[in-house]
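Q: I would like a close look at one part of this model, taken step by step. Please keep it brisk.

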Amino acid sequence: MSFRSLALILCPLIGYAAEAPKLRLPEEIRPVKYAADLTLIPGDTGFSGSIDIDVELTKPASVIWLNAIEIQIEKATIGSQNAAVEPGGSDFVGLRTEKPVPAGTARIHVTYKGKISEKSSAGIFQGLDGTTPYLFTQFESTDARRAFPCFDEPGFKTPWQLTLHIKKEHSAVSNTPPLSETDEPNGMKKVVFAPTRPLPSYLVAMAVGPFDFVDAGKAGKNAIPVRIVTPKGKANQAQYAAQVTATVIDRLEAYFGLPFPFEKCDNVAIPLTFGFGAMENAGMVTYAQTLILSDPAIDTEQRQRTYASVAAHELAHQWFGDLVTLAWWDDTWLNEAFATWTSEKIIAEWKPEWHSRLGDLNGKFGAMNEDSLVAARKIRQPIVTKDDISNAFDGITYQKGASVIRMFESWVGEKKFQAGVTAYLKRYSYKNARVSDFLDSIAATGQPQLTRAFSTYLEQPGFPLLSVKLNCSAAPSLSFSQKRYLPTGSTGNAAQVWQTPVCVRYQTPSGDRKECFLLDKPNAEYKLTQSAACPANLTANADAAGNYVTKYDPALLAKLLAGNFLNAAERMTLLNDLTSLLNAGEIGQGELLNAAAAFAKAPERQIVGLAQTSVSSTRQFVPDNLLPNYARFVRQTFGARALELGWAAKSGEDADTGLQRASIVPFVAAQGKEEKLVEEARRLTAEWLKTRKGIDANMVNPVLSTAAQFGDRALFDAMLAELDKTTDRQQRSQLIGAISVFREPALARAVLDMVIHSKLDVRESFFMMMGPLGARETQKLPFEFVKANYDELLKRLPEGGGFDARAFLPFVGGNVCDEAGRKEFVEFFEERVKPFTGGPHNYKEVLEAIRLCEAQKAARGADVAAFFANQ
Ligand SMILES: [Zn+2]
């Protein structure tokens with residue numbers, strides 16, 4: 001970058017070279033304590049501040065490097081010496097003293113100015129509620145350096161003391177409670193916060209503005225106060241959050257066996273976020289407003305369940321991440337996979353009636369899909385560049401990580417695993433830890449093979465395809481073979497071996513039996529120890545806990561498909577196995593679709609939902625002339641249930657029925673082109689646009705989106721006009737979601753134009769760019785749009801931060817499925833994506849997905865056409 005090369009040119013002139021770090025700060029200098037003092041005024045474009053950093057040096061240094069982005073240093077001292085500022089490129093700044101700072105302790109003092117971002121959610125940024133500005137922070141992974149010059153790495157854990165100068169009429173929230181508030185001149189006041197427990201910079205947080213505070217009771221053994229913090233006038237929208245948040249904390253505390261590690265828990269609503277939905281700042285969790293708040297009159301089941309699950313994730317981080325922090329970003333999974341796994345566990349136990357374990361499987365299947373790519377990351381990927389830090393926050397880290405933890409928990413046993421978790425958290429409280437610290441803590445509960453076996457899932461990408469054969473000629477046994485699962489067209493090497501705890505469940509005359517084997521070789525045979533007779537039925541993925549795909553011998557598979565031996569989670573796993581096997585060319589199109597049609601009759605909405613996904617995943621290979629047959633197949637398979645449910649909720653029905661309606665009705669309307677449902681969606685939408693009434697709250701998104709997919713210019717204009725009128729975040733998100741999916745190409749083009757030429761906040765409009773990808777008529781438009789408007793787009797998109805929007809542009813090529821399109825994609829993006837954090841990995845994954853799509857089309861096209869020709 002230009003800044004860096006300028007520094008290199010200047011160095012010879014001043015006689016000595018001082019090279020800025022490339023990625024990590026030197027280990028010889030560590031911070032031990034921070035005290036920061038900031039003046040924060042919502043509506044301003046910048047802020048001023050000063051910071052004292054107490055450091056320890058193991059050897060003398062004439063330059064101390066700090067992380068800083070867009071920080072303008074006014075004055076710096078180290079001890080009694082003035083320090084000169086040494087440019088260090090985009091992420092670093094050096095402080096140079098005339099005499100070297102000796103080994104031992106020293107205090108760095110810096111006064112500076114920084115920027116407040118209006119269009120990204122990185123560092124200190126503005127959020128507008130209506131026209132009222134607020135300030136919030138988002139520092140993970142590498143954006144604390146936009147607020148303070150600091151040692152911005154997770155391994156540097158120290159107490160932070162914050163002092164804020166804010167307007168008298170505002171409130172400030174941070175990680176700790178305020179110690180004092182004193183008036184200052186010019187309508188200002190000073191808020192001094194208590195020093196924090198040792199925290200890494202990425203967990204420090206602040207919020208400033210005219211907030212309302214909702215008391216959400218006390219939680220945990222230490223009766224810590226819990227509050228929901230909302231924009232002014234929105235306290236009534238915090239009802240559900242105020243009801244459940246303390247309960248979530250109580251349940252987490254009970255599981256972890258350690259009290260909530262901080263002195264209070266504020267839960268702060270942010271009007272608009274980009275690149276994150278919620279953040280686990282210690283003692284001050286932030287959430288996108290649409291997650292945590294809702295007008296109770298129009299609140300939905302789905303919104304409440306999502307809040308509960310996200311809250312459980314963020315609050316689990318208070319232990320996994322905040323109390324015990326990863327030593328470096330290569331162990332991001334120790335944070336994210338654990339928070340995901342814990343949230344799933346807590347919700348399943350707390351709300352058994354939600355059957356959340358079934359919904360969780362969709363996250364796991366999605367991660368398996370990503371993990372089937374050769375370009376997939378490992379759960380524990382080495383961090384070589386800043387790109388790697390950004391890329392670490394993906395489905396592999398969160399969902400695959402959680403799935404692998406569950407598999408090993410199921411093998412070790414829940415109680416022992418819990419004991420290992422508690423021991424680990426106790427031992428590393430308020431400190432940092434690495435992968436081996438965790439694995440050893442679990443292995444110590446009595447499963448010494450765990451560390452090695454677990455590592456085979458952490459340190460290599462992909463997952464196994466297990467072939468299973470039941471042998472009953474003598475005492476019953478199972479033959480297993482394993483290889484890496486690879487879809488048709490993959491260039492990957494299948495010869496990979498994992499150490500997999502395989503748990504099987506089988507039917508015997510005296511009841512079902514479960515046993516587990518550690519499969520650690522390419523091929524192995526195990527005797528079934530709990531049955532002398534040949535089991536009538538057997539699943540090789542008991543309770544769906546395993547992170548692998550199973551290929552059963554034909555006799556076993558036929559029995560599993562025909563009978564009702566499998567529980568709901570195992571049935572979903574079987575259907576996903578069949579989809580994976582089809583993608584790998586191991587079974588034919590008809591086998592999957594016939595199974596999906598049978599599963600579509602299941603009483604569990606989650607199984608029906610997965611059957612919908614299995615069917616719709618083949619649509620891309622259906623030739624245009626057979627689309628009517630595809631639609632007929634959808635109607636035949638799912639239509640009766642959809643028509644029976646209709647768009648309107650019936651009084652007295654249960655939550656599951658409502659949730660199924662929101663999934664199957666729009667599916668049959670859109671993909672089955674069920675005219676009756678489309679007509680009704682149009683009528684309901686017209687009424688809703690006028691009155692905001694007439695649609696069950698749970699159904700607003702599905703109804704509006706269905707009407708939009710079949711909508712014309714008049715409806716488009718009507719939706720835009722309403723969007724223009726409302727500042728309500730929930731309604732805006734509903735309208736934007738619908739506007740994004742118009743299929744009329746001229747309207748889809750108009751939507752794309754809005755990303756550049758509208759007054760919409762780009763944090764709202766960015767995802768509109770992906771809307772046209774969902775339909776055949778419009779799927780090429782986003783890529784064309786990006787090509788035609790690239791420079792203009794770069795100027796508009798949120799830059800910087802862990803999530804660089806520009807790095808996500810290659811996803812507009814997600815539906816390319818032919819050689820010419822691929823060449824165009826490569827030509828356009830290969831070089832362009834390189835400068836953007838995380839971009840090269842995104843590009844590689846999309847390119848591989850395009851190649852695989854071409855291969856799938858070649859391999860399956862005729863089979864798909866033959867199947868639908870007969871429907
Ligand atoms: Zn998380």
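Which residues of the largest nonpolar core touch the most other members? Please follow the packing from there.

A: This is a predicted model. Its largest nonpolar core holds 233 residues. Phe 148, Phe 151, Trp 333 and Phe 438 touch the most other members. Helix α2, residues 239-256, gives this core its largest share, 10 residues. A second, separate core has 31 residues, including Val 812, Phe 829, Tyr 843 and Val 846.

Take Trp 333. Beyond its neighbours within four places in sequence, Trp 333 is in contact with Phe 338, Ile 379, Arg 380, Thr 397, Ile 405, Val 435, Phe 438, Phe 454 and Leu 458.

Helix α8 spans residues 395-412 and helix α11 residues 450-458. Their axes lie 11 Å apart, at an angle of about 155 degrees. An angle over 145 degrees counts as roughly antiparallel, so α8 is roughly antiparallel to α11. The crossing is right-handed.

Now the zinc ion. Its protein donors are His 313 (NE2), His 317 (NE2) and Glu 336 (OE), 2.0 to 2.1 Å away. Their spacing along the chain is H-x3-H-x18-E. His 317 sits in helix α4 (residues 301-317) and Glu 336 in helix α5 (residues 332-350), 19 residues apart. Buried means under 20% relative accessible area. His 317 is therefore buried, at 0%. Glu 336 also counts as buried, at 2%.

Notes
Residues numbered from 1 in each chain as written. Predicted model: local features only at pLDDT ≥ 70, side-chain atom pairs only at ≥ 80, totals over all residues. Heavy atoms only, no water. Core = buried A, V, L, I, M, F, W, Y, C linked by side-chain atoms within 4.5 Å. Buried < 20%, exposed > 50% of the residue type's maximum accessible area, 1.4 Å probe, protein only. Helix = DSSP H or I, 4+ residues; strand = E, 2+ residues; numbered from the N terminus. Contact = heavy atoms within 4.5 Å. Donors = N, O, S within 2.8 Å, 3.2 Å for Na, K, Ca; no water. Axes fitted to C-alpha atoms, helices over the stretch in contact; angles between N-to-C directions. Parallel < 35°, antiparallel > 145°, perpendicular 65-115°, else oblique. Left-handed = near helix turned anticlockwise from the far one by under 90°.
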